[in-house]
Amino acid sequence: MYYVELLRARRVLMWYTIIVFGIIAIVALSTMGQHGSLGAADTIPLSDIFLGCAFGGYVVATIVSTSLVSESATVPITWTRPVSRERIAWSFIAVDVATILAGYLVMIAAVLLCIAVIGLSGYLRAGAATWELLLLGFGSAVLWYALTLAASSRLGGHGVRVATLSWLVFLVIGSVWGAPVPAPIHALLTALNYLNPIAYLGGISGATHTHTGGHPIVLSQTPRTLLAWALAAVAAFVAVRLWSTKEA
Amino acid sequence: MIAISGLTKRYRDVLAVDDLSLDVPSGSVCGLLGRNGAGKTTTFKCLLGFAQAESGSIRFDGAPLTPQTFAKLGYVPERPALYTWLRVSDHLELVRRTQPAYDAAYAKELLATFRLDGRKKAGRLSKGQQTALALIVALSTHPSILLLDEPASGLDPVMQRVVLDLLIEAASNGAAILLSSHQIGQIDRAADRVAIMRDGKVVVSGELDALRESSRVVEATFAGAVPDLGEMASTMKVEQIGTNVRIHANGRADSVAARCGALGAVGVRVLDRSLEDIFLEAVDDGGNR
């Protein structure tokens, strides 16, 4: 059954890559002839690029998170294969996670290419734990995907609405956390931010990769990476369970 | 063989299927008839596991439904459910990858029969062509169990005939086929047994020939007043218009005709009834709808 999802993922990635590199081409063209420079002591931390490029993962995650709910329209085909529904769902999830990774890496490649075109490659610097941030950025995108998948898996349609709404919810939860609100509401917002993929990328020092304070998720890099992946796994299990036991 | 026993499905306070029992032996086409909302599609959903039955049992070749059942089961839904963004050939590739019994040569033959272009996207097909593709997806594995919910809807009369011929051929090769249709002529042509549903219940079922035999009507004309019909009036449905009577003979047409003759009828005719007559009588609810 993963064949359908492979075709869907291929289509998503094709358009995504065209758009991302199209934007990069525009940026490159607009800066042509200018040679960029930073101050002598300044660098471009690769860690910031890895965290920022999670945005690309979020975009792809949002699109592919409608995969299971999209199958509601084709249940007479999807659910009449000699394969258990759980296995069908997991095969979809495997393809989707690989697609998110590809989307994330395409975004990183596009940004690095842009930096190279501008002539700032020499300023790129990687710290000791920089590469681990790839796992965090990727994990937060997969968490976004899994939460949206779980929220929409029981529905008979409207997956796109849920996916679109996820942006609003995550952005609002993240942005109102710092607002002056009563303590119980602040505690609630803090708890909700543990389910907010965007929150996992904030409050980390690019140099030390430790929690910098003033942020809802009070965990350093490794525990928060593990937590993001663990929550994503739980949400994926919930999504598979809900989808495979629903009535069509 | 499809064996359904005591199937009951309720949606909140609506009893969609009520204690339905039905057997479809191998090599048989069973026509499932009923008005809209009679419970036909819900029955299909329960058979396929799309909906959870409240009670009852469903067995295919003696075993309950499992994912492996779908290796030998073909299904065509009421409305073609296709990936509109995929080409016809992609649908067949999906079947090839997921069904061990997929017969590529037969699928190609069916594509030619229905004049479908493999390169076309499903969303760009007409309704009839989409139905044809759904049929090809279902038939290309030579399933021994076929569940077809209005399989010929949207097809032109020529293609409808082709579909019915394909079903008859599949049944002659041993398939058990449950076929729902509002077009009674299709059922009449393809099915050897029928089940008629009303309000979630099967109200009439059996072999078509036996049903026809049992539903023959005797029409008798008397010269004067209609005499006392004796036990016929109490055990059979009798309609009287003037000096004419129509007696629904419940399988005893010949003896009823002879009795009418003995009572002095000046004219006696035994009328065969069509499946449509049988259906209309079965679903007649006295004009309550």
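These questions and answers cover a helix pair in chain A and a sheet in chain B of a predicted model.

Residues are numbered from 1 along each chain as its sequence is written, while chains are lettered from A and ligands numbered from 1 in the order in which they are written. In this predicted model, local features need pLDDT of at least 70, side-chain atom pairs count only at pLDDT 80 or more, and totals for chains, interfaces and linings use all residues.

Me: Are α6(A) and α10(A) parallel, antiparallel, perpendicular or oblique to each other?
Reply: Helices (H or I, at least four residues) and strands (E, at least two) are DSSP runs, numbered from the N terminus. The axes of α6 (residues 85-118) and α10 (residues 221-244) of chain A come within 9 Å and cross at roughly 135 degrees; axes are lines fitted to C-alpha atoms, for helices over the stretch in contact, and angles run from 0 to 180 degrees between N-to-C directions. Angles under 35 degrees count as roughly parallel, over 145 as roughly antiparallel, 65 to 115 as roughly perpendicular and the rest as oblique. The two helices are therefore oblique.

Me: Which strands stand at the edges of the open sheet in chain B?
Reply: The 6 strands have the order β5-β6-β7-β3-β8-β9, with mixed pairing (two strands pair if DSSP finds at least two bridges between them). Each edge strand has a single partner, so one side of it is left without a neighbour in the sheet; these are β5 (73-76) and β9 (201-207).

Me: Which residue of β7(B) is the bridge partner of B:G31?
Reply: Strands β3 (residues 28-34) and β7 (residues 176-180) of chain B run parallel, joined by 5 bridges. The partner of B:G31 in β7(B) is B:L179.
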